[in-house]
Amino acid sequence: MITDPIADMLTRIRNALITRHDFTDVPASKLKIALAEVLKKEGYIRGFEVKTDEHRKNVRIHLAYADSREPVIVGLLRVSKPGLRVYAAKREIPRVYGGLGIAILSTPEGVMTGKEARSRGVGGEVLCHVW
């Protein structure tokens, strides 16, 4: 049993990028699909698709690379963990590497980037940082 499914997803992406795989499979959930949508919208992954087997659903994440086969994602950091949740008010949303990266938040209006949450005037749980 996995105690932190978001950390597991980020670790699978990180490991696939290190080994230069084209895609990685992650067990599906609504939160993971929403997280993949944000990563796709921001250009950190090429895309994703939900695959259904006989017993379970998986999200296949297609990773993005630059021309020289260097990964677009340089770093992934899980911020809020099951043992220590991290919340940010609308005025306290972190800027990752001075705006070069993104913070992904889970807000009452859905999963979104820190920049989008600031513009909508909502805060929430800081899930991770991507740069």
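The dialogue below takes up the sheet, then the helices, then one lysine.

Tutor: Keep in mind that this is a predicted model. Begin with the sheet. Strands of a sheet pair through backbone hydrogen bonds, either parallel or antiparallel. Here an open sheet of three strands has antiparallel pairing.

Student: In what order do the strands of the open sheet stand?

Tutor: The order is S1-S3-S2. Strands S1 (23-27) and S2 (45-52) are at the edges with a single partner strand each, so one side of each has no neighbour in the sheet. On average, neighbouring strands are turned by 25 degrees against each other, direction ignored.

Student: How many bridges join S1 to S3?

Tutor: Five bridges join these antiparallel strands, S3 covering residues 57-63. To find the pairing on screen, look for Pro27, which stands opposite Asn58 in S3.

Student: Which strands do the helices lie across?

Tutor: Helix H1 (residues 5-18) lies across S1 and S3, at about 165 degrees to S1. Helix H2 lies across S1, S2 and S3, and runs at about 155 degrees to S2.

Student: Where is Lys32 found, and what does Lys32 touch?

Tutor: Lys32 is in H2, which spans residues 30-41. Leaving aside residues up to four places away in sequence, Lys32 touches Pro5, Ile6, Met9, Val26 and Pro27.

Student: Is Lys32 buried or exposed?

Tutor: Lys32 is buried, yet has no salt bridge. The nearest side chain of opposite charge is Asp8, 4.8 Å away, whereas a salt bridge is counted within 4 Å.

Note on methods
Residues are numbered from 1 along each chain as its sequence is written. This is a predicted model: local features need pLDDT of at least 70, side-chain atom pairs count only at pLDDT 80 or more; totals for chains, interfaces and linings use all residues. Side-chain values use heavy atoms; hydrogens and water are left out. Helices (H or I, at least four residues) and strands (E, at least two) are DSSP runs, numbered from the N terminus. Buried means under 20% relative accessible area, exposed over 50%, partly exposed in between (1.4 Å probe, protein chains only). Lys and Arg count as positive and Asp and Glu as negative; His and the chain ends are not counted. Contact means heavy atoms within 4.5 Å. Two strands pair if DSSP finds at least two bridges between them. Axes are lines fitted to C-alpha atoms, for helices over the stretch in contact, and angles run from 0 to 180 degrees between N-to-C directions.
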